[in-house]
Amino acid sequence: MKILMYVLLLAGSWQAAASDEVMIERGKAIAIAADCAACHRQAANNGAPFAGGYAIDSPMGRIIASNITPSRQFGIGGYTEQQFADALRKGQAADGSYLYPAMPYTAFQGMTDDDIHALYLYFMQGVKPVDRAPEEQTALSFPFNLRQLMWGWNLLYLNTQQGEKQAVLSDKLNRGRYLVDVLAHCSTCHTPRNMAMAEDQSRYLAGSPLGGWYAPNITSDPSGLADWSQNDIATYLKTGHVTGKGQAAGPMAEAVEHSFRYMSDDDLQAMAAWIKQVPAIQSAQAVDSARPAPEDINQVIKGQGDQASLANSSTTDGAALYSGACASCHGREGKGTRDNFYPSLRQNSAVSAVSPGNLVMTIVEGIHRQGSDADVAMPAFASQMNDAQIAAVSRYVRYQFAGIESPLTAEEVHNLLSGGEPPFIIRYVNWLMAGSVIVLLLVVFGLLRLRRR
């Protein structure tokens, strides 16, 4: 009898261990879909996974991603599963302090209990602990350093119904909605923000500025993805490019590299199906790029703007700069290569967009993207061109290949590289604080008068 009980206990333990292994693998897949590695990667020390230190340049300042390895001293090794869930869903750390919404808990609050359990097991058992803190810590200026203020913000803007299944949707659309809105948190970049920097859900996925970049409209409107098929969207997520339609750069390239290229085709198709049925919301229309080139670049003096001498050149002749820095890959006529390894600039969403932001940021930062089919690299020209030169070559490319006469200036380039136009709450924070103090004083004065009466 004792032997039988011992065998049963061993069998139960084996089944529990096997079940945990399955959940850990599921948790790893969830971490990939949620793109945890993109932000919580370590900036130094050989880039240890999830060790933190990556700087997120928010309008309030630099927010440093924390160590989320199972280190008990420096990471989340001491978190209970409930504390882990509270961090994901409520934006509240184990010590009770509030997280900033650079951590997308406004999306993750819709995660299912099973997914949180699997993710918890993965981080506690499937991730190697890193016993050191990030070299830099978040230090925002007043009043944004007061994390207690997030209590009121959360009260206003946390949507606790976000992740619930909708009976009117098919299983595929429910899965796509869960991936897009919750795990992949697409809305945090692609939805415009209101004055309090919360997502404006009335313009869901209609496009939004993103630290100098612009996350485009991905609704079914002609200014968004109306001419993209479901397969186009799934392919773009998997590879980072669709010929004649788009090339992922900046934050989107990071999402492809760290997350989307590892996801299953079924999940990517579900995401694409959900995005395709999102109601159309109009944003600024892109300019028709079919206009013929207004200038013959072959008339540019050969050798002028040679790439090797760009760093020492003071020219602001856009054609010369293009000839030296861009033509060797994209071609003198901007047609790219036949295999699209070097993409065309004549059918390029960054070139033909109303805002020049993505073109400017691509020239400055280059492209470094690993998709499922290829590694793509475009050199960054930040150290070779000054703001005036970046403005000049951007103006030339937009006029030459998209027919857009852009009045882009060096000052506007500098503004984009500094994070773009600051949001309302940042521009007027001093006035808002002064107004709050005045209102508080008026309330106190009124209460004192009532007490005297």
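Reader: What pLDDT does the protein average, and what share of the residues score at least 70?

Author: This is a predicted model, and the protein averages a pLDDT of 85, with 85% of the residues scoring at least 70. Where pLDDT is low, the predicted coordinates should not be read in detail. Residues 285-294 are one such stretch, with a pLDDT below 50, although in the model this stretch has 23 contacts beyond near neighbours in sequence. Residues 299-306 also have a pLDDT below 50, and that stretch has 12 contacts beyond near neighbours in sequence.

Reader: How should I read the packing of two helices, and at what angle do α7 and α11 pack?

Author: Two packed helices are described by the angle between their axes and the distance between the axes. Helix α7, residues 171-183, packs on helix α11, residues 265-277, at an angle of about 90°, and the two axes lie 7 Å apart. Since angles of 65 to 115 degrees count as roughly perpendicular, α7 and α11 are therefore roughly perpendicular to each other.

Reader: Which residues of α7 and α11 make the contact?

Author: From α7 come Lys 172, Leu 173, Arg 175, Gly 176, Arg 177, Leu 179, Val 180 and Asp 181, while α11 brings Asp 267, Gln 269, Ala 270, Met 271, Ala 273, Trp 274, Ile 275 and Gln 277. Sorted by class, the contact of α7 with α11 has 8 nonpolar, 3 polar and 5 charged residues.

Reader: At roughly what angle do the axes of α15 and α17 cross?

Author: The axes of helix α15 (residues 357-365) and helix α17 (residues 410-417) cross at roughly 75° and come within 10 Å, and α15 and α17 are therefore roughly perpendicular to each other. Here Gly 357, Val 360, Met 361 and Val 364 of α15 meet Val 413, Leu 416 and Leu 417 of α17, and by class this contact of α15 with α17 has 6 nonpolar, 1 polar and no charged residues.

Reader: Which peptide bond is cis, and which residue has a positive phi although it is not a glycine?

Author: The peptide bond from Phe 142 to Pro 143 is cis, with omega near 5°, and Pro 143 is found in the loop between α5 and α6 (150-157). Met 197, which is not a glycine, has a positive phi of about 65°, and Met 197 is placed in the loop between α8 (187-190) and β3 (208-210).

Notes: Residues are numbered from 1 along each chain as its sequence is written. This is a predicted model: local features need pLDDT of at least 70, side-chain atom pairs count only at pLDDT 80 or more; totals for chains, interfaces and linings use all residues. Side-chain values use heavy atoms; hydrogens and water are left out. Axes are lines fitted to C-alpha atoms, for helices over the stretch in contact, and angles run from 0 to 180 degrees between N-to-C directions. Helices (H or I, at least four residues) and strands (E, at least two) are DSSP runs, numbered from the N terminus. Angles under 35 degrees count as roughly parallel, over 145 as roughly antiparallel, 65 to 115 as roughly perpendicular and the rest as oblique. Contact means heavy atoms within 4.5 Å. Ala, Val, Leu, Ile, Met, Phe, Trp, Tyr, Cys and Pro count as nonpolar, Asp, Glu, Lys and Arg as charged, and the others, Gly among them, as polar. pLDDT is the predictor's confidence in each residue, from 0 to 100.
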